[in-house]
Amino acid sequence: MDHAIDAVVEVFTWIGLGAFVVLAVVALGVWAAEGTWLPASAIVDRDGEHPVVRWFDADGDANSAPLTPADAAALADAETAAIWYRHGWRGRMRLVRRSPGLRALVWSAAGMLALGVLSLVAGWVLYFLRG
């Protein structure tokens, strides 16, 4: 029975650490592909058919982007909004700094690292308890 527990702990250690490395590499790739997003204060323009946000970027250029239905619902009746715009692009904005997909990848990688470390520590504890 002791050898079965050791095998299970060993498998969880390798799965946790291996999945952490894979997820961390994917998260790094997504982060690099995502580019630089800078903060700005925007005005919500609801005069047209669809709501639009307008802001000045770091270079002093005027920008605008249509709101998605989800963003329009999140802003509700707000006249101004704190947004993040894509540096070097026109018409790209979002309400959060990092994308939800990247955040999920980072948390998944952290969870797998925790699983690997906890399994590794459990394996050491079992090893030293048995003498």
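**Reading a sheet, its core and one aspartate**

Tutor: β1 and β2 form a hairpin, with six residues between the two strands. Keep in mind that this is a predicted model.

Student: How many bridges join β1 to β2, and which way do the strands run?

Tutor: Three bridges join them, and the strands run antiparallel. As a case to look up, Ile43 stands opposite Arg54 in β2.

Student: How many bridges join β1 to β4?

Tutor: Seven bridges join β1 to β4, again in an antiparallel arrangement. Here you can look at Ala40, whose bridge partner in β4 is Ile83.

Student: In what order do the strands lie in the sheet?

Tutor: The order is β3-β2-β1-β4-β5, five strands in an open sheet with antiparallel pairing. The edge strands, β3 (62–66) and β5 (93–94), each pair on one side only.

Student: Where do the side chains of a regular strand point?

Tutor: In a regular strand they alternate between the two faces of the sheet.

Student: Which residues have the most contacts inside the largest nonpolar core?

Tutor: They are Val44, Val53, Trp55, Leu67, Leu75, Ile83 and Met93, in a core of 13 residues. At least two residues of this core come from each of β1 (37–45), β2 (52–56), α2 (69–75) and β4 (80–86).

Student: What does Trp55 touch, apart from residues up to four places away in sequence?

Tutor: Among the residues touched by Trp55 are Ala40, Ala42, Ile83, Tyr85 and Met93. The list also includes Asp61, Asn63, Ser64 and Arg92.

Student: Now take Asp45. Is this residue buried or exposed?

Tutor: Buried means under 20% relative accessible area. Asp45 counts as buried because its relative accessibility is 19%. The residue is found in strand β1.

Student: Which side chain makes a polar contact with the side chain of Asp45?

Tutor: That of Arg54, at 3.1 Å. A polar atom of the Asp45 side chain also lies 3.1 Å from the backbone nitrogen of Asp47.

Student: Which residues is Asp45 in contact with, leaving aside its neighbours within four places in sequence?

Tutor: Asp45 is in contact with His50, Pro51, Val52 and Arg54.

Definitions and conventions: Residues are numbered from 1 along each chain as its sequence is written. This is a predicted model: local features need pLDDT of at least 70, side-chain atom pairs count only at pLDDT 80 or more; totals for chains, interfaces and linings use all residues. Side-chain values use heavy atoms; hydrogens and water are left out. A nonpolar core is a set of buried Ala, Val, Leu, Ile, Met, Phe, Trp, Tyr and Cys residues joined through side-chain atoms within 4.5 Å. Buried means under 20% relative accessible area, exposed over 50%, partly exposed in between (1.4 Å probe, protein chains only). Helices (H or I, at least four residues) and strands (E, at least two) are DSSP runs, numbered from the N terminus. Contact means heavy atoms within 4.5 Å. Two strands pair if DSSP finds at least two bridges between them. A polar contact is a pair of N or O atoms within 3.5 Å; within protein, one must be able to donate a hydrogen and the other to accept it, and residues adjacent in sequence count only if both atoms are side-chain atoms.
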